[in-house]
Amino acid sequence: MWQRGPMRSRGSFIVFEGGEGAGKSTQVKLLAAALRSDGLDVVTTREPGGSPVGERIRDLLLDPATGSLHPRAEALLFAAARADHVATLIEPGLARGAVVICDRFVDSSLAYQGVARHLGLDEVARLSSFATNGLTPDLTIVLDVDPVAGLERARRSAAADRIESEELNFHRQVRQAFIDLSAADPDRYLVVPASSGIGETAEAIAGRVSELVGHAGGPRIGAAEVGS
Ligand code: TYD
């Protein structure tokens, strides 16, 4: 396995996680706009998907017509999409110093396949680490939503996909898994309750991200070179 040396991942990798209808896509857009207005190079992307092959695997995974899939096959398809996405989009973005913002990543596999599909966290963590070649987010933002409210909201905007259609108890386990993952590594997580409004949530996220991006020192588009 490669070592993550100083030549890799010079940018910042920020992931949004949460259950259905948590409002991730709104917050991804707001954060990206704020960082771009500060002159940062920002890439926004999502999982499953994010690359042409990843998007094709996404269609297969989310289409209700796919029907039931063995949990191991499901986990492998998410991992295959992720491996392609990391290699073709995320790592190149990080290598050039961009802030890469991804809607869902490995923690979704841990929560949905590892916990709710009962494959086990260790097995799914191993599979995920193979897929990502060890890449982990610098910061994960968990938008915590009660599944009853989240599912209702998600179903207002689109028909339920194959995974969203799972029973309420499945989604309750997913929610708890995100909370447990964040509690185990609080320095690398920010949990924001969905009861906060859109603006308040965006502010909390921007505050935390500015600490990270400040430390990471990503390049600013068009920023004047400062002579030494
Ligand atoms: P999507 O429409 O992106 O959901 P949302 O808008 O809530 O983010 O669909 C992604 C679905 O796939 C969602 O139900 C979560 C699930 N998923 C997994 O089960 N495992 C994974 O590794 C990923 C990335 C997503």
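This is a predicted model: local features need pLDDT of at least 70, side-chain atom pairs count only at pLDDT 80 or more; totals for chains, interfaces and linings use all residues.
**View 1. Phe13 and Phe105 form a ring pair.** A search of the whole structure finds three aromatic pairs. In one of them, the ring centres of Phe13 and Phe105 are 4.9 Å apart. Their planes meet at 85°, over the 60 degrees required, so the pair is edge-to-face. Phe13 belongs to strand E1 (residues 12–18), while Phe105 lies in the loop between E3 and helix H4 (106–116). The pair thus links distant parts of the chain, 92 residues apart. Phe13 and Phe105 are both buried.

**View 2. Tyr112 and Phe178 connect two helices.** Here the ring centres are 6.4 Å apart. With planes at 70°, this pair is edge-to-face. Tyr112 comes from helix H4 and Phe178 from helix H7 (residues 168–184), so the contact ties together parts 66 residues apart in sequence. Tyr112 and Phe178 are both buried. Ring pairs also bring in Phe170: Tyr112, Phe170 and Phe178 are linked into a cluster.

**View 3. Five strands build an open sheet.** The strand order is E2-E3-E1-E4-E5, and the pairing is parallel. Strands E2 (42–46) and E5 (189–193) form the edges, each pairing on one side only. Neighbouring strands are turned by 20° against each other on average, direction ignored.

**View 4. Strand E2 runs parallel to strand E3.** Five bridges join E2 to E3 (residues 99–103). Thr44 stands opposite Ile101 in E3. Strands of a sheet pair through backbone hydrogen bonds.

Definitions and conventions: Residues are numbered from 1 along each chain as its sequence is written. Side-chain values use heavy atoms; hydrogens and water are left out. Two strands pair if DSSP finds at least two bridges between them. Helices (H or I, at least four residues) and strands (E, at least two) are DSSP runs, numbered from the N terminus. Axes are lines fitted to C-alpha atoms, for helices over the stretch in contact, and angles run from 0 to 180 degrees between N-to-C directions. Rings of Phe, Tyr and Trp (its six-membered ring) pair if their centres lie within 6.5 Å; planes under 30 degrees apart count as stacked, over 60 as edge-to-face and the rest as tilted. Buried means under 20% relative accessible area, exposed over 50%, partly exposed in between (1.4 Å probe, protein chains only).
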